[in-house]
Structure formats: C-alpha cells, structure tokens
Amino acid sequence: MNATNIETILAVGFALAVVIIILKSARIVPQRSNYVIERLGKYSRTLDSGFHILIPFIDKVAYQHILKEEVIDVERQACVTRDNIQVGINGVLYIQVVDAHKASYGINDYRYAASQLAQTTMRSVIGQTDLDKTFEERARINEIVVQALDEAAAPWGIKVLRYEISDIELPMSIKDALEQQMRAERERRAAIAKSEGERQAMINVSEGHKQEVINLSEAEKQKQINEAEGRAREIELIAEATAEGLGKIAQAIQQPGGQDAVSLRVAEQYVKEFGNLAKESNTLILPAQLADIGSAVAGLTEIIKKKS
C-alpha cells in the first residue's frame, strides 16, 4: 500500500468521524417536547423545542418527554361497594407531563404508576359508596380520583387532568334484581299515569255535565223571562186596545142614535149567549124574566149609561 492510499483512507475515516460527531452533537427537539440531557451520567439540563448542540460522547439524551396530553387506559378491576356488592370498573386517565426533570427522576414509570394509583384510589372511593350511588355519583367519584392522583403525582412532574369511569360491570344476579326493580318502577309509573288519566277524564266528564246543566238552566231561565215579557207586553197591548175601544164606544154612545145602537148590540149578545148555552148542554136554566127581553136589555143599557 503506497502513501497515497493511506492518506485517502485516513481522509475518509476523518470525514466519517466528523459526520458521526455532527450526528451525535446536533439535536432537534420537536414542538411540545422536552429532552433531558445527562453529562457523564449526571443531569445537565432540559432542552426545549428547537436546534441544540451537544458535546459528543460526553452529553447524551437520557429521556425524551412529550408535553402533550396523554390518555392511559386503566384496566378493569374488581371493587367492593359499601353494601358489599362486587363490581368491575375500568376507566380512562388523562395526564400531562409538566416537569420533564421530575418525570425522569421522580419515578421510574409515571404512566404505570398513575394507572396503578388510579386503580387503588378507585377501590377506596367505591368502598365508601353504595351501589346505587355508584351510578348516580360518577362525576363526584371522578373528581375525587383526580384530586387524589393529582396530589400524589405532583412530585413526578405529572398533572392529572381528568379521570372518567368508562364502564361499571355488575354481577348477573344484581343485574337481574335491578332489571326487576326497574320493571316494577316502570309498571308503577304506568299505573299512576293511567289512574291520573282516568281521574282527569272523570273530572272532565263531570265538568261537562255541570256546564251542560248550567247552560240548560240559564236557557230555561231566559226562556221564562222572554215568555213573561211577552205575556206582559201582550197584556199591555190588549189593555191599550181595550181602553182605546172603550173610548171609541163611549164616544159613539154620545152620538145621536148611539143609545139605540147599544141596546141593539146588547140584545144581540143576550140572544147569542143563550144560543151558546143551548149548544153546550142539554139542560138549560132560563132566567125568570126571559120573556121580557126588552126589560132586560133596558136594564143593561141603563147600567152602561151609568158606567159611561
């Protein structure tokens, strides 16, 4: 191997070493990420997003953390309620790294630790809650778990944002009992609704009858008033007509020949009425002075004169 070849190999090796050094020293941290740098095995600094230069073979990236919100599935676990009912509960935990240094050195695996702590806290909270309240107070239970986890995870550089119970599994016997209870409750509500409907229907019918009676009585009352007013008006008109007729008769009597006309009229009425009596009955009672019609007419005419 001549000297030229040796120089070429050395140049290539030097170039490779330069490339490796550049790759080892240059670091680009993505947005919403933190890199924890150790120098000779000891924490040195935390790199934010952007371009950074490290000392080759002395500095190294020990931990990489994403600062975005993470979702951790908390596995199903068996819990016993305060009224001694065993239920299976799983949930979802939302956390976020807020301090990369604490997340790197505060705990070995913060995701596993947070999941285990969520299960432990959930068992404790469920143990203090009755089964019925477990379904009704999910929001309160979630809030208690978040508060407990957040306090415990503060030294780990973790912020616990939310915890949601995703499912509550009940034993088959409890499911059957709850279904029977719900069915009985639905039947009870249906019976109440039916009775309320019937009660309201009866009230409506009675109100209708009541209103019908009132309307009929008002109509009868108005009818009687109208008839009375009609009769009163009739009597009034008859009286006025009678008075007017009598007035005219009185005037006619004062005229020449009026007395004779009155006598003739009285005689006609006298004979007519006796004729009517003979038509209505087989038995006829005659006045003692029937033969003296002229005297009777004269008597009546004299009475009319006195009245006029």
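Trainee: Is arginine 189 buried or exposed?
Mentor: Arginine 189 is exposed, at 54% relative accessibility. Exposed means over 50% relative accessible area, buried under 20%, and partly exposed in between (1.4 Å probe, protein chains only). Keep in mind that this is a predicted model, where local features need pLDDT of at least 70, side-chain atom pairs count only at pLDDT 80 or more, and totals for chains, interfaces and linings use all residues. Residues are numbered from 1 along each chain as its sequence is written, and side-chain values use heavy atoms, leaving out hydrogens and water.

Trainee: Okay, which residue does arginine 189 form a salt bridge with?
Mentor: That's glutamate 185, with the closest N and O atoms 3.0 Å apart. A salt bridge here is a side-chain nitrogen of Lys or Arg within 4 Å of a carboxyl oxygen of Asp or Glu.

Trainee: New topic: what does aspartate 59 meet in a salt bridge?
Mentor: Arginine 39, at 2.6 Å from N to O. Aspartate 59 sits in strand E5 (residues 59-66) and arginine 39 in strand E2 (residues 33-39), so the pair ties together parts 20 residues apart in sequence.

Trainee: Is aspartate 59 buried or exposed?
Mentor: Buried, with a relative accessible area of 6%. Arginine 39 counts as partly exposed, at 35%.

Trainee: How many salt bridges are there by this rule?
Mentor: The count comes to 15.

Definitions and conventions:
Helices (H or I, at least four residues) and strands (E, at least two) are DSSP runs, numbered from the N terminus.
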